[in-house]
Amino acid sequence: MPIRIFLCLIVLGTALVPSSSYAQKKKPKAKPPVKIRLPESVRQKKPVGMKVTPVSAGSREDAAFAANRIDGFVEDQLIAKGMTPNPLAPDETFLRRVYLDVAGRIPTLQEATDFLNSTDANRRENLIDELLNSPDYVSNMYNFWADTLRLVERPQPNIVADPFLGYVKDAIRTNKKYDQWVYEMLTADGKTWENPAVGFQLRDDGMALPYVDNTVRIFLGTQIGCAQCHDHPFDQWTQYQFYELAAYTAGTRTRITKGDPGFEKSNPANDLISEARKKYPNGRVPGAFQRVARANTYSVKEVKATMRLPHDYAYEDAKPKAVVDPAVLWGDVPSSASESTPREQLAAWITSPENPQFSKTIVNRFWSRFLGVGLVEPIDDFRDEHPCTNEPLMEFLAAELVRIDFDLKQLLRTILYSETYQREASDFDITSGETYYYPGPAVRRMTAEQVWDSLLTLAVHNPWPFQRPTAKDLAPVIDLDFSKATYDTVKAKSERFQQTYFTGTYKRNLNKHAFQGNVLCRASELPSPLPPDHFLRQFGQGDRETINGADQQATVPQILAMFNGPITHVMLEPGSAIVDNVLAIPSARDRVDAIFLSVLTREPNSIDRRAAASELSKADRIGSAYGNIIWALLNTREFLFIQ
């Protein structure tokens with residue numbers, strides 16, 4: 001493996017003086033004072049301050065038994081195809097894989113050393129449980145759901161969706177039952193800081209029909225969007241069926257209306273802004289004042305309403321503008337919801353244990369995320385043209401999810417316990433048109449968030465200098481009661497909002513945690529969406545406008561960002577985590593070992609050692625040599641891919 005990369009490097013520090021044969025002896029020089037440029041907030045390791053609901057210790061045997069069933073279904077199919085499963089992955093490979101898949105980052109030097117030195121026969125299961133119980137798991141799974149639910153802080157300028165993003169994170173932290181969580185999002189009423197689950201409805205505010213399409217695609221793995229305008233050309237769904245389903249949400253309203261408190265005659269937000277124009281100099285009402293007033297007009301509720309076909313409906317089964325009664329796409333609405341509101345009926349049908357598509361869709365999403373290829377591909381387009389590659393396995397996992405009462409963490413634990421997950425990975429091109437039968441996981445490139453959070457693991461001691469705001473944070477600075485609100489109360493609220501969570505101010509306040517323009521915090525806590533030139537966007541994080549909009553394609557900006565971008569400079573700064581770890585090791589050989597363990601989660605082989613020794617012996621400054629080694633490892637395929 002080539003080690004040396006001819007770049008302008010930031011020096012690790014002249015205190016890195018090697019011993020033994022790794023470098024030529026040189027006359028020591030006086031050391032200049034070390035200037036620490038990294039923010040204080042990321043240099044001291046601190047508790048995250050997040051209580052995570054743990055996996056049940058009593059359900060470990062259940063998970064192990066179900067994992068064996070997974071292996072049985074996979075191996076039966078492999079045998080039938082004349083194939084054999086891959087060998088179990090070595091501990092080093094498993095360690096790095098499970099950290100990236102569960103914690104969303106590579107392990108620290110200490111974490112790697114502790115696991116690789118363990119002789120406990122159950123060390124893999126123990127590590128899986130430990131990671132599932134960690135704040136890292138919450139952060140990693142938040143990124144997964146942010147891409148799926150298209151989480152942004154301002155879906156429209158006047159919608160403050162931060163509480164919804166905090167709600168999603170909290171649902172993961174508390175391991176909220178999946179059916180309960182989805183039901184809440186589909187039926188919630190109120191403002192986002194009163195009932196944050198309404199953020200799911202507000203994400204598609206003003207787009208009633210796309211909301212139905214997105215809901216079915218996310219939770220039922222079925223794409224019916226084409227049927228908004230005409231019968232689906234490639235599937236069974238008709239335009240009439242689409243409108244039948246949309247009839248369940250026809251009564252959803254997202255803004256206050258006449259009759260609501262404070263809205264007896266005219267829109268109270270408009271009245272307050274009109275009054276403010278008379279009092280602010282030149283009639284220029286600050287943006288924060290307008291945002292606070294208008295954000296309070298967004299409140300979700302359900303009213304009685306009917307759905308009509310469009311004026312240009314062209315099929316013979318009904319006439320244009322005809323009233324459509326609600327009906328589900330398959331099966332029936334559970335009898336327990338027969339007297340409920342239309343939205344509640346739809347939510348009950350979607351999340352019912354008797355609706356197999358609800359369970360299969362999330363099972364397929366998880367299987368794709370952790371094995372690299374879904375049992376059905378694309379993962380959200382179940383239809384005859386996209387058959388399941390292992391139907392018995394899919395049926396088992398869907399039934400298992402229902403059996404464990406929609407406990408997503410236990411489902412993930414089961415998958416991770418399986419030998420199928422723990423085997424050596426195989427190269428597989430999902431665009432090849434061939435079927436993958438899971439002799440082991442497929443090799444995957446890290447997601448943008450995994451790359452970022454792994455670099456932070458190397459660079460900083462505290463990757464959690466702050467966490468995203470919640471409903472509890474937002475409510476005091478934005479909530480208004482329009483029946484009592486006056487110009488003075490809105491002005492006072494808006495000034496607090498301006499100083500705290502008004503978009504531009506909030507982002508500027510995060511700069512105290514930044515180095516060379518990059519805020520050094522976990523990807524899950526950063527503003528969303530990030531600007532197009534941010535490292536995460538360069539590595540494929542989507543703009544959160546489409547479902548699962550992340551991109552895994554390699555690009556030239558990615559190469560430049562890894563070669564000479566600001567974030568890769570951070571780890572070579574005095575006071576960074578990897579510099580501090582290397583400085584603490586007296587032996588040059590052990591320092592090189594520590595670098596390899598820190599970056600690649602393995603010790604160097606004989607070829608690596610020779611290349612490292614050559615680099616150290618040739619360097620004018622020893623700190624630069626260690627920097628070269630670190631930088632070279634970061635720019636290998638081995639670093640960027642999950643093996």
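Helix H4, residues 109-117, gives the largest share of the lining of the second largest pocket, with four residues. This is a predicted model, so please hear everything that follows as computed from that prediction. H4 is one of several contributors: helix H5 (123-132), H6, H19 and helix H26 (577-583) also supply at least two residues each to that lining.

Staying with this second largest pocket, the space inside comes to about 600 Å³. The lining counts 30 residues, and the ones that lie nearest the centre are Lys45, Arg105, Thr108, Glu111 and His461. By type, the lining divides into 14 nonpolar, nine polar and seven charged residues.

Now the largest pocket. What is its volume? About 1,300 Å³. Its lining is made up of 45 residues, with Ser368, Gly372, Ile430, Ala550 and Gln552 nearest the centre. Two or more lining residues come from each of helix H6 (135-149), helix H15 (356-371), strand S5 (444-445), helix H19 (448-459) and strand S8 (641-642). Which element gives the largest share here? That is H6, with five residues. The lining of the largest pocket splits into 14 nonpolar, 15 polar and 16 charged residues.

Next, the aromatic rings. How many aromatic pairs turn up in a search of the whole structure? The search finds 27. One of them joins Phe242 and Tyr243, edge-to-face, with 6.0 Å from centre to centre and 65° between the planes. Phe242 counts as buried because its relative accessibility is 2%, and Tyr243, at 7%, is buried as well. Another pair, Phe428 with Tyr436, is tilted: the centres are 4.7 Å apart and the planes make an angle of 35°. Is Tyr436 buried or exposed? Tyr436 is buried, because its relative accessible area is 7%, and the cut-off for buried is under 20%.

Ring pairs also build a cluster, which links Phe144, Trp145, Tyr178, Trp181, Phe358, Phe366, Phe370 and Phe406.

The charged end of Arg97 sits over the ring of Tyr421, at 5.7 Å from the ring centre. For Arg637, the charged end sits over the ring of Phe641, and the distance to the centre is 4.3 Å.

Terms used:
Residues are numbered from 1 along each chain as its sequence is written. This is a predicted model: local features need pLDDT of at least 70, side-chain atom pairs count only at pLDDT 80 or more; totals for chains, interfaces and linings use all residues. Side-chain values use heavy atoms; hydrogens and water are left out. On a 1 Å grid over the protein atoms alone, a cavity is a set of points where a 1.4 Å probe fits but cannot get out, and a pocket is an open set with protein on both sides within 12 Å along at least five of seven lines; lining residues have an atom within 4 Å of a point. Grid points are joined across faces, edges and corners, and a volume is the space filled by probe spheres set on the points. Ala, Val, Leu, Ile, Met, Phe, Trp, Tyr, Cys and Pro count as nonpolar, Asp, Glu, Lys and Arg as charged, and the others, Gly among them, as polar. Rings of Phe, Tyr and Trp (its six-membered ring) pair if their centres lie within 6.5 Å; planes under 30 degrees apart count as stacked, over 60 as edge-to-face and the rest as tilted. Buried means under 20% relative accessible area, exposed over 50%, partly exposed in between (1.4 Å probe, protein chains only). A charge sits over a ring if NZ of Lys or CZ of Arg is within 6 Å of the ring centre and within 35 degrees of the ring normal.
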